[in-house]
Amino acid sequence: MKPLKSKLPNTGTSIFTEMSQLAVQHGAINLSQGFPDFDCSPQLAERVGHHMRSGRNQYAPMAGVVSLRERIGAKVAAATGFSYHPETEITVTAGATQALFTAMATLIGPGDEVLLFEPAYDAYAPAVRIFGGVPKAVTLLAPDFAINWSAVAQQVNGRTRLIVINSPNNPTARVFSDADYRALSRLVTGRDCYVLSDEVYEHVVFDGTRHRSAVQYPELRERAFVVASFGKLYHITGWKVGYCLAPRELMAEFRKVHQFNVFSVNTPVQYALADFMDRPEEYSELHVFFQAKRDLLLQGLADTPFVPLPCKGTYFLLADYSGISNRPERAFSQWLTRRHGVATIPVAAFYTEKVNQGLVRICFAKREETLERAIERLIAIKAV
């Protein structure tokens, strides 16, 4: 038998797995991987148990439980002023990453080019390659990670099949402005080019910043798959439930792939989420909840040599460590974990090419006591 030819020959263990394992080995506080260390609402957990006990334990409809899709549609309409039809334009997925993967499978063929704004979520580029596409990186740099749309236009050509955007952005904590969306709208108008909008942190924006969605721009909406996450909404990342929005024609193609990918998503969890969405107060103040955690971290970092970068959204913050060390980012993150017991992620891991800006990503979706213990350890670095 011939050796298996890898579709991802240059892909190994992810930096998130590496840093989490290193944190365990050294008893470090894990501020690397993006998940809360606090539980979800007991009422939500109770609803899951209720529906399990009620016998809702078999396959759900392929597109998702109807009542959940209806509530998703109502939520989106209230937020954006535009309605997606629950029957034909909303699909419940096994997490946001599955929605992203399925959208790419729907669109990308061999040789198709896909524009990615880097630093970018690490699942984008591998998915593009799996389907024979060619990732084309648009490199954004600290401190503001601003997009030069004129330069982006120079990278778009007849082979550009898809542009992937992520706002609020992981890892930069940047939020797309109206000007960004309008520039993107002008760029794709009249082209055979689609948009994949990753909006999983839609409710986690700070300092009065407004989240704008691709849904609100007609030129984008007609060609966009928009992805969201219940994991981020309700602190249930391990439940792996998200959803995708798209116009009827695009969603019909998305579902052709979805049905042979996961077919359907956890049934009692879907019913529980449908029940819980009747309580919009559970997510309408999410920005206040996470801004308090961000501010606690910012206040603590003020007593350290770290210099935080602007953080307008998500539950991540970037910090400049150049006042501490000239080590490359990966080596610094490893040293910080081993020597000072705090695990972070090197921002270089979010770029295709080697980029070292002396930055680490810190997750603040943690209990106050977790953040306070981490801050104590970071303050101790002053002696280095």
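Is threonine 314 buried or partly exposed, and what is its relative accessible area? Threonine 314 is buried, with a relative accessible area of 0%. Keep that residue in mind, for we will come back to it after a tour of the whole chain. One thing to know before we start is that this is a predicted model.

## The chain as a whole

Let us begin with the overall picture. The chain is built with 15 helices and 13 strands. A compact globule of 384 residues would have a radius of gyration near 21 Å, and the chain agrees with this because its own value is 21 Å. Along the principal axes, the C-alpha trace spans about 60 × 55 × 55 Å.

How much of the chain is buried? Of its 384 residues, 54% count as buried. Contacts also tell us how the chain folds back on itself: among those between residues at least 6 apart in sequence, 76% join residues at least 24 apart.

In soluble globular proteins, nonpolar side chains tend to be buried together. Here, the largest nonpolar core has 60 residues. Those with the most contacts inside this core are Met104, Leu162, Leu196, Phe225, Phe290, Phe306 and Phe364. Helix H4 (residues 96–107) gives the most to the core, with six residues.

Leaving out residues up to four places away in sequence, its contacts include Ala103, Thr106 and Leu107. Among its other contacts are Val195, Leu196, Cys244, Leu245 and Phe254. Apart from this core lies another, of 58 residues, among them Tyr84, Ile90, Val138 and Ala228.

The C-alpha atoms of isoleucine 90 and arginine 69 are separated by 6.3 Å, although the two residues are 21 residues apart along the chain. Arg69 is also one of the residues in contact with isoleucine 90, and others include Ile72, Tyr84, Cys244 and Met251.

## An enclosed helix and a loop beside it

Why can helix H11 (residues 267–276) be called largely enclosed by the rest of the structure? Eight of its ten residues are buried, so the helix is largely enclosed. The buried ones are Thr267, Pro268, Val269, Gln270, Ala272, Leu273, Ala274 and Phe276. They pack against H2, H3, strand S2 (90–93), helix H9 (230–234) and helix H12 (281–284).

Asparagine 57 lies in the loop between helix H2 (42–53) and helix H3 (66–80). Asparagine 57 touches Met52 and Pro268, not counting residues up to four places away in sequence. In sequence, asparagine 57 and proline 268 are 211 residues apart, while their C-alpha atoms are 6.2 Å apart in space. With 40% relative accessibility, asparagine 57 counts as partly exposed.

| Cis peptide bond | Omega |
|---|---|
| Glutamate 118 to proline 119 | near 15° |
| Asparagine 170 to proline 171 | about 20° |

Where do these prolines lie? Proline 119 is in the loop between strand S3 (113–118) and helix H5 (124–130). Proline 171 is in the loop between strand S5 (160–166) and helix H7 (178–188).

Positive phi angles are another detail to look for. Lysine 240 is not a glycine, yet its phi is positive, at about 55°. This lysine lies in the loop between H9 and strand S8 (242–245), and lysine 240 is partly exposed, with a relative accessible area of 41%.

That brings us back to threonine 314. Its phi is near 70°, again a positive value in a residue other than glycine. Threonine 314 sits in the loop between strand S9 (307–308) and strand S10 (316–320). While lysine 240 is partly exposed, threonine 314 is buried.

Conventions
Residues are numbered from 1 along each chain as its sequence is written. This is a predicted model: local features need pLDDT of at least 70, side-chain atom pairs count only at pLDDT 80 or more; totals for chains, interfaces and linings use all residues. Side-chain values use heavy atoms; hydrogens and water are left out. Helices (H or I, at least four residues) and strands (E, at least two) are DSSP runs, numbered from the N terminus. The radius of gyration is taken over C-alpha atoms; the globule rule is 2.2 Å times the number of residues to the power 0.38. Buried means under 20% relative accessible area, exposed over 50%, partly exposed in between (1.4 Å probe, protein chains only). Contact means heavy atoms within 4.5 Å. A nonpolar core is a set of buried Ala, Val, Leu, Ile, Met, Phe, Trp, Tyr and Cys residues joined through side-chain atoms within 4.5 Å.
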